[in-house]
Amino acid sequence: MLAALACWLIALPSFASQSGLVEARLPSGKIASANFQAGKSGQPAVLILHGFLQTHTFPTIVSTMDALSTAGYTVVAPTLSLGISRRNKSLPCEAVHLHALDDDVAEVAFWVRWLMQKGHTRIVLVGHSFGNLQLLAYLGRSPAPAVKQVLMISLTDVEVKQNAQQRAGLAQDLRDRVSRRDHALAEVEFGHCKKYVSPPAGLLSYMRISRQTILDSLAKSAVPIEVIMGGKDDRMGADWVEKLVSRGIAVRVIPGASHFFDNQYEFDLQEAVLQALPGR
């Protein structure tokens with residue numbers, strides 16, 4: 001009886017109507033959390049996803065969520081569990097990372113369904129940095145019909161520190177290790193991490209993403225995508241915006257802004273996001 005009551009108490013906030021921190025039990029059994037703000041009826045609901053290893057408390061996410069909520073949108077900003085129940089802190093690069101891209105995509109799908117179960121039939125996905133690549137992977141795997149639009153803030157260029165040839169070599173090494181069932185932890189430079197620690201299979205799931213797969217996925221998406229970039233984003237190649245535009249992707253560049261749209265540029269980002277959403 002007590003165990004059943006405890007389970008009910010965990011599940012209840014996920015489907016209650018109040019705003020604030022909510023929790024939900026994932027199909028994996030892990031407990032995931034999100035910041036939820038209920039908005040006006042008739043407006044699309046917005047799901048905002050944080051960058052790699054971060055949480056929904058990351059400043060760029062908080063600022064964007066506050067602007068959307070103030071404008072009357074229903075907003076949910078989940079923290080991907082990354083295999084950890086009730087994760088509420090960013091993970092250090094040097095931690096042992098047991099999560100994989102498929103896990104992230106499953107959680108995105110879970111929170112989309114969560115919004116749909118609340119009655120939302122129009123959903124906009126907003127990602128920041130590497131979170132955009134997780135959203136893009138979700139879009140490539142039968143996204144819910146309720147997902148009508150995607151905004152990508154600071155879309156990551158995965159080949160800034162490692163070119164395509166270097167990444168292909170690393171990916172092949174990981175594939176070889178997986179094929180011979182070598183589960184020893186790999187320690188590599190990955191993303192913003194100089195030392196990222198993961199079993200080969202988990203790391204390989206992310207390393208399969210390349211510039212080319214990103215560009216191809218963007219061009220093939222049945223859901224409209226718009227990208228917002230900072231003019232002084234040092235986490236992308238000099239030709240990244242041009243590559244996006246050449247594939248027909250709508251890109252808005254905010255001059256002077258960094259990858260994180262900090263300082264005064266947070267207001268420029270908020271304006272750009274609100275202008276891009278329907279119902280304005």
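This is a predicted model: local features need pLDDT of at least 70, side-chain atom pairs count only at pLDDT 80 or more; totals for chains, interfaces and linings use all residues.
User: What makes α2 oblique to α9?

Analyst: Helix α2 (residues 59–70) packs against α9 at about 50 degrees, with the axes 10 Å apart. Under 35 degrees would be roughly parallel, over 145 roughly antiparallel, 65 to 115 roughly perpendicular, and the rest is oblique. So the pair lands in oblique.

User: Which residues make that contact?

Analyst: From α2 it's Thr60, Ser63, Thr64, Ala67 and Leu68, and from α9 it's Glu266, Leu269, Gln270, Val273 and Leu274 (contact: heavy atoms within 4.5 Å). They split into 5 nonpolar, 4 polar and 1 charged.

User: How do you know that Cys93 and Cys193 form a disulfide?

Analyst: Their sulfurs sit 2.1 Å apart, and the cut-off is a pair of cysteine sulfur atoms within 2.5 Å. The structure holds 1 disulfide.

User: Why is the disulfide called left-handed?

Analyst: The torsion about the S-S bond of Cys93 and Cys193 is about -70 degrees, hence the label.

User: What does the pair tie together?

Analyst: Cys93 lies in the loop between β4 (74–79) and α3 (101–117), while Cys193 belongs to strand β8 (residues 193–198), so the link joins parts that are 100 residues apart in sequence.

User: Why do Cys93 and Cys193 both count as buried?

Analyst: Buried means under 20% relative accessible area, exposed over 50%, partly exposed in between (1.4 Å probe, protein chains only). Cys93 comes in at 14% and Cys193 at 0%, so each is buried.

User: What stands out about the phi of Phe261 and of Asn263?

Analyst: Most residues other than glycine have a negative phi. Phe261, not a glycine, has a positive phi of about 50 degrees, and Asn263, also no glycine, has one of about 55 degrees. Phe261 is in the loop between β10 (250–254) and α9 (265–276), and Asn263 is in the loop between β10 and α9 too.

User: Are those two buried or exposed?

Analyst: Phe261 has 2% relative accessibility, so it's buried. Asn263 has 57%, so Asn263 is exposed.

Notes:
Residues are numbered from 1 along each chain as its sequence is written. Side-chain values use heavy atoms; hydrogens and water are left out. Helices (H or I, at least four residues) and strands (E, at least two) are DSSP runs, numbered from the N terminus. Axes are lines fitted to C-alpha atoms, for helices over the stretch in contact, and angles run from 0 to 180 degrees between N-to-C directions. Ala, Val, Leu, Ile, Met, Phe, Trp, Tyr, Cys and Pro count as nonpolar, Asp, Glu, Lys and Arg as charged, and the others, Gly among them, as polar.
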